[in-house]
Amino acid sequence: MLQVAVYGKGGIGKSTISANISVSLASRGCKVHQIGCDPKHDSTRLLMGGESQTTVLDYVRTVPIGRRKLDDVIVKGTAGVLCTEAGGPEPGIGCAGRGILTTFDTLRKLGADDLDLDFRIYDVLGDVVCGGFAVPLRGEYANAVILVTSGEFMAMYAANNIMKGLANFDTGKPRLLGVVLNCRGVENEEASVRAFAEAAGTKVIAVIPRDGKFREAESAGKTVRELYPDSVPSKQADAIADAIVKVAEGKMELTYPHPLDDDQMTDLAAGRPIRAPSGEVPQARILCDGCQVKRRTSIKDTGMMQSCAAYGALAAFAKMNDVGIVLHGPMSCLHLMGTTRGKAVVEQFQKHRFKVPPGYNMYCSGMDDSMSIFGGTRLLEETLEKAAAVGYRDIAVITTCMPGIIGDDTKGVVETVSARHPGTRFHTVLTDGDINGEYTDGFMMGAKAIAGMIDVSRPRGKGMVNIIGSSFYDLHTRRHLHELTRVLSLFGLRENCRFLDETTSDNIIGYCEAEFDFMINDTRATREMAEILKERTGREPFPLPLPIGLYDYEEWLERLGEATGHPEAAKVEIADVERRYAAFIAEHTPRFQGKRVIMTAKMYGNLDWLVDLLLDLKVDLVRLGFMPSTRKNKERPVSRHECSFTEDYWLEDLVRDMEELDPDLLICDVVMPMKGRCRFARMQKIGIGIDAELAYAVYLENMMRLPNKEGWREVAGL
Ligand code: ADP
Ligand code: MG
C-alpha cells in the first residue's frame, strides 16, 4: 500500500483535490482510504454526497474503549472510497495536533492496518507547524508527500514549512512527490510556483485552474471528477493519480526536499529570481549519540529530575491538614503523588501505622487522552465544585504537564468557580508538572502560595516560635518532638506554626504572632523557604538553625538565652548536657577508639554533630563523602568540617574505598551489603539537642557488635 500525504495551507483546496484524486484512483479499480486530518473535518464530504461523518475524536470521546468498532469511523463513500475524518477540538481549546496522534492510534488499535488497500490519502492541514500535524510525515505513515499551493506567498510559505518538517523526519528514502498548483488567479502565478518548486528540488505535477465547476460540484455534494470527468480539472486530478500510481509501481522517482532558506523566501516574495541557498542544505540528522556512555551520569548531567514541580507543590499543600488539593491532570499523577507523599506519610511517621488512606483530601480532574485534545477545563470545573462542596475553606489547584502543554485556562476556571463559592479561598499554583521545574521548585511555588495566606498585620507576640523548613523528618518521632517541646519550655516558648508541616490554615494565617522563627536545618531548601517568608512578612529568622549535637546546641542555647532574657536557663542546661556528654564519651570511647569509619550521605542537612561525635569517640574518619545532589540548584554541605569532605562522591568511589580503606564501619544513607569485617549503619535525620545524638551513638555501637551474616546471607544494617 502506498500512503500519500496531501499537505497545504488551510483553504488552498487540499480536500477538494484529495477527494478528486481518490475518485480518480478508485475509477481505475484501486482500493482507496482517505483520512481527513483537519479539525475542519470536511475532507470527505464530497465523497459522501455532501454529508459529514462522525469524526474519530468525537467517537473516542463518546464511545468507551471496549465498544469501539472500525466500521463506525470508516464509511464507504463515492466509488467505494473509504472515508475517515479525524476531527478536532473547539478552536482555542485543547490540542488539535495531539488529536491527530490519537486518531492514528485509534485507527491502528481498531485494525485499520489490516484493511485491504492500495492507497491511503492523508489530507492534512499544513499551516500548523506543531508536532501533531507532522505525524503523517513520520516514516510509518507517508511514503509520498504532495504539496498543494497557489501562487500566493503564504501558501508557498506553508508548503516550504512542510518540506522542513519532512526533512526533520527523514527516513533515509526520498518522499517528496511534487507540487500541485491550485490556481487562485494571482499575477504571475504559474511562474512563481514553478520557480519555487525548482528551487526546492521538486516539480509541479499538476496545474489546476480556478474553475466554477468546483463550486457547482460542491453544491451537489460531489467531486468534479464524477460530474465532469472530461474537464480540465478532472484531467489534472487524473494526472496526479497517474503520478501516484507510477510511484507505487516504482516507475517514478521521489525527491528529497530542499526547503528554501529565509533569503530565498524573501526573493520569492519579492518576485525576484531565487538565489542559491546560503548555507548547507538540511540533511538527515541523527539526534542521539546512542553509544556515548559516560562513566558518571548524574541527574545534573542528564537533566533528569527526581520528580516534578506539580509533585512538589502538592507536597507543600499536603503539609496542611485542612486544605483540599485539586490536581489538574491525569489520575495516574495523583496516584503516584498521593500515595507516596502528603499527609498519609506524615501520619505514618508520627503514629507508626497507616491510619488514613493516602490522598484522602486530594482530588484530580482525571485528564485522559481526550482531554489533551479537547481541553480539560470542563473536568477541572466539575472537580473544583466537588472539592468546594466538601466545605474546605482553602483549596489548592495545582497543574500537571498536560494542561500546561495544551494551554488550559486554569486560572479562568478557578475564577469562575471561586465566584460561586465566596467562602472558599482558592490558591492556584501553575506548576505545569515538570515544565516549571523539579520537585523542590514546585515545593517552593507551593510554599510561596501558602505564605500568601499569612496575615501580615498581626503583631509579633511573645512566647511562641515558628519552625521553618521543607523537611521535618527529624521531628517525626515522639522522642524528638518531646525534646523540642522541653527545650523550648526552658525559655517559656512553645510552637506556633510549622512552615511547612502538620499545620492548618489558621496556623499559617497567624504566623506573625510568633516571637521567633527557627530554621529546622541549614540546607539550601530551608534557606529558600526562610527567604520566601522574609519577603512576605519582613521577619528575619533566628540566626542559628535548630541545633543537633552538643556543640551547636550549646551555641544556640547561649544565643536563645540572651534573646529571651533567660541566660541562666541556658547556663543550667549547658552545664547539664556537658556533664552527661562527657560521661557518655568516657564510657563509650573504648568501643570506638581506632575504628576506621567511612561516612557518606546524599543528605545535605548539617552533619557536624555526627562528625564531632565520632571524633570525640576517637574514631578514625577515613572518608567523608557527599553524593552528588539531584537538585537543579546544587545543594552543598554546610559544615565547619567542609574542607575534609569529598564532594561528588559516587557509589563507585565508595565501592573502591571499601576495598582500599578497609573500614570497620560504613555510615551511609544508601543500604549496602557488607563483606568481611565492615559493618553498616544507616544515616539518620535526628532531633534537637544531645539525647538523639547519644542514642545514635549507642545504635552505632550495636551495629558494630552485630554479625553481618545471617545464615548464608550477607545482610545490610537495619
Ligand atoms: P482545504 O481543504 O485546503 O481547506 P478546500 O478543498 O475545502 O480547501 O477548498 C476550499 C474552497 O475552495 C472550496 O469551496 C473549494 O470548492 C474551493 N476551491 C478549491 N479549489 C478550487 C479551484 N481550483 N477553483 C475554484 N474553487 C476552488
Ligand atoms: Mg480541507
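# Notebook: loops, a sheet and a ligand

I began at asparagine 188, which sits in the loop between β7 (176-182) and α7 (189-199). This is a predicted model, so I read every value as computed. The phi of asparagine 188 is positive, about 60 degrees, though the residue is not a glycine. I noted the background: most residues other than glycine have a negative phi. Is asparagine 188 buried or exposed? Its relative accessibility is 60%, so it counts as exposed, the cut-off being over 50%.

I then looked up a second residue with a positive phi. Lysine 618 is not a glycine either, and its phi is near 65 degrees. I found lysine 618 in the loop between α26 (608-616) and β17 (620-626). Its relative accessibility is 45%, so lysine 618 counts as partly exposed.

**The whole chain**

Next I stepped back to the chain. How many helices and strands does the protein chain have? I read 28 helices and 21 strands. The chain has 718 residues, and 53% of them are buried. I also checked how far apart in sequence the contacting residues are. Of the contacts with a separation of 6 or more, 75% are between residues 24 or more positions apart. The accessible surface of the chain is about 31,700 Å². Carbon and sulfur atoms hold 52% of that surface.

**The sheet around β9**

I picked out one sheet. It is open and has 4 strands, in the order β10-β9-β11-β12, with parallel pairing.

I followed β9 (residues 323-328) to its partners. To β10 it is joined by 3 bridges, and the two run parallel. In that pairing isoleucine 325 stands opposite methionine 362 of β10. To β11 strand β9 is joined by 6 bridges, again running parallel. Here valine 323 stands opposite aspartate 394 of β11.

Why do I call β9 largely enclosed by the rest of the structure? Because 6 of its 6 residues are buried. I sorted those residues by direction. Val323, Ile325 and Leu327 point one way, while Gly324, Val326 and His328 point the other way. Both sets are buried.

Helix α19 (residues 410-420) lies across β9, β11 (394-399) and β12. Its direction makes an angle of about 175 degrees with β12.

Then I went to the loop between β14 (494-499) and α22 (505-509), where threonine 503 is found. Leucine 500 has its place in the loop between β14 and α22 as well. The peptide bond from phenylalanine 499 to leucine 500 is cis, with omega near 20 degrees. For context, most peptide bonds are trans.

Is threonine 503 buried or exposed? It is buried, because its relative accessibility is 0%. Which residues does threonine 503 contact, leaving aside neighbours within four places in sequence? I listed Lys319, Met320, Asn321, Asp322, Cys497, Arg498 and Ile508.

**Asparagine 521**

My next stop was the loop between β15 (516-519) and α23 (524-537), which holds asparagine 521. Its relative accessible area is 9%, so asparagine 521 is buried, the limit being under 20%. With neighbours within four places set aside, asparagine 521 is in contact with Ser471, Thr526 and Pro545. The side chains of asparagine 521 and threonine 526 make a polar contact at 2.5 Å.

**Ligand 1**

I finished at ligand 1. How many residues surround it? I read 16, and the closest are Gly11, Lys14, Ser15, Thr16 and Glu218.

I then checked distances to oxygen atoms of the ligand. From glycine 11, a backbone N or O atom lies 2.7 Å from one. From threonine 16, a polar side-chain atom lies 2.5 Å from an oxygen atom of ligand 1. From lysine 40, a polar side-chain atom lies 2.8 Å from an oxygen atom of ligand 1. On its own, ligand 1 has 560 Å² of accessible area, and the protein covers 81% of it.

Conventions:
Residues are numbered from 1 along each chain as its sequence is written. Chains are lettered from A and ligands numbered from 1 in the order in which they are written. This is a predicted model: local features need pLDDT of at least 70, side-chain atom pairs count only at pLDDT 80 or more; totals for chains, interfaces and linings use all residues. Side-chain values use heavy atoms; hydrogens and water are left out. Two strands pair if DSSP finds at least two bridges between them. Contact means heavy atoms within 4.5 Å. Axes are lines fitted to C-alpha atoms, for helices over the stretch in contact, and angles run from 0 to 180 degrees between N-to-C directions. A residue is near a molecule or strand if one of its heavy atoms lies within 4 Å of it. A polar contact is a pair of N or O atoms within 3.5 Å; within protein, one must be able to donate a hydrogen and the other to accept it, and residues adjacent in sequence count only if both atoms are side-chain atoms. Accessible areas come from the Shrake-Rupley method with a 1.4 Å probe; for residues, only the protein chains shown count as cover. Buried means under 20% relative accessible area, exposed over 50%, partly exposed in between (1.4 Å probe, protein chains only).
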